[in-house]
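Okay, thanks for coming, everyone. Let me put the structure up, and then I'll walk you through a few parts of it.

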Amino acid sequence: MDKQEIGIAVIGAGRAGMIHARNYARGIAGARLIAVVDPVGSVAKSAAEELHLSKFYTDYREAIADSEVDAIVVVTPTKYHCEIVCAAARAGKHIFCEKPMAMTPDECQQMINVTQQHGVQLQLGFMRRFDRNFMEAKAAIDAGVIGDVVLVKALTHGPSIPKEWMYDISISGGPLAEVSSHDIDAVRWFSGADFAEVYALAGNYRCPDAKDKYPDYYDTVTLSGRMTNGTQCIVEGAVSVGYGYDSRVEILGTDGILFVGDLQEGSARYASREQKQLITKTVNSWQTLFIKAYEEEDTAFIASIRSGSPVKASGNDGLEVVKVVNAGNLSITEKRVVNLNEG
Ligand SMILES: NC(=O)c1ccc[n+]([C@@H]2O[C@H](COP(=O)([O-])OP(=O)(O)OC[C@H]3O[C@@H](n4cnc5c(N)ncnc54)[C@H](O)[C@@H]3O)[C@@H](O)[C@H]2O)c1
């Protein structure tokens, strides 16, 4: 695409939507933020005011119909991703779609097909692939520093209480989708293989408010799996932990081990006469931990639109993660090992 500036509309002005919108408003090379969309008029309006935009919409179709918009960033609750992505692709708009890609593998496949048919880019929001530390780990694995990868353990624990739509597994996919998508993607990336089978356990320990209305909701999950190349994995997810934002990966190889991530925010630690114990700050949010990675993924999206080169986190990556999320949720419900090739 040789237009001087690629016009962007951000669809969904919530937590993650505003991260992307602020990145584009601050300046991503070769892009210009045109509009934000949110069905809640006051949310769309205040986002537009904050970002000094003259345009905001309450219906995504208006953004897609806007001739100044060349690409959209989809950051709505997951159940709307498929509909919005397909409509945008049919209108010839390039698409960045947040994880999890959609509710089902069928929806993901539909999104892949329609973007291919219409020749538009589709990048998924796996920003850890753009994080400096994750990239260093991947480069070390590819260079053979730890030998062959045999076990990947990836965990994410989030501090905050989920939004109500997240309690409803039928529209959010549960914490496996909301939180663990990133870890599932990291396991695939680091092991270089797809999931073959999974077994998952889950329970609700910290969200009593959800228990009556959403009895299926779980706030803590462990998923163990075997990859198609034989690598083993453990994915652990939790929400509402309160103590901080905890994202860590441990990769065991035949010749070594690799660690990524730390609960400790920086290197400063304190001790006092009274307390006589070392105190250190924990990382408090994904929004700060991965701030640079979000910027890098937005920059890469624009570069891929311009050059037509493959994106680093593709529709197929999104599809494979959704397959694992659904297999994991099935394993929790049916209390059994689920093979990814089951019909
Ligand atoms: N990559 C990441 O690290 C990351 C982090 C958080 C969320 N996410 C993903 O981003 C998506 C949104 O999550 P969130 O935490 O920002 O949620 P949120 O609830 O904070 O925001 C969602 C926003 O979308 C709006 N919305 C709802 N339906 C819409 C529609 N049809 N069209 C346009 N806007 C609509 C809502 O009014 C709300 O303002 C989810 O898919 C989530 O998994 C990704």
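Helices here are DSSP runs of H or I with at least four residues, strands are runs of E with at least two, and both are numbered from the N terminus. Before I go on, this is a predicted model, where local features need pLDDT of at least 70, side-chain atom pairs count only at pLDDT 80 or more, and totals for chains, interfaces and linings use all residues. Residues are numbered from 1 along each chain as its sequence is written, and side-chain values use heavy atoms, with hydrogens and water left out.

Back to α2, residues 41–50. Which of its residues are buried? They're A44, A47 and A48, where buried means under 20% relative accessible area, exposed over 50%, and partly exposed in between, with a 1.4 Å probe and protein chains only. Looking down the axis of α2, these buried residues fall within an arc of 100°, so they line one face of the helix; that arc is taken from the directions from the helix axis to the C-beta atoms. The cover over them includes α1, β2 and β3, counting contact as heavy atoms within 4.5 Å.

Now the sheet. It's open, with seven strands in the order β12-β11-β7-β10-β9-β8-β15 and mixed pairing; two strands pair if DSSP finds at least two bridges between them. At the edges stand β12 and β15, each with a single partner strand, so one side of each has no neighbour in the sheet. Strands β7 and β11 run antiparallel and are joined by eight bridges. One of the pairs is L155 with R248 in β11. Helix α6 packs on this sheet, touching β7, β11 and β12, and its direction makes about 165° with that of β12. Axes are lines fitted to C-alpha atoms, for helices over the stretch in contact, and angles run from 0 to 180 degrees between N-to-C directions.

On to the ligand. How many residues surround it? There are 27, and the closest are R15, D38, E98, E178 and Y294; a residue counts if one of its heavy atoms lies within 4 Å. In the side chain of D38, an N or O atom is 2.6 Å from a ligand oxygen. For E98, a side-chain N or O atom is 2.8 Å from a ligand nitrogen.

Last stop: S180, in the loop between α9 and α10. S180 is buried, with a relative accessible area of 0%.

Note on methods: Polar contact = N/O pair within 3.5 Å; in protein donor to acceptor, adjacent residues only side chain to side chain.
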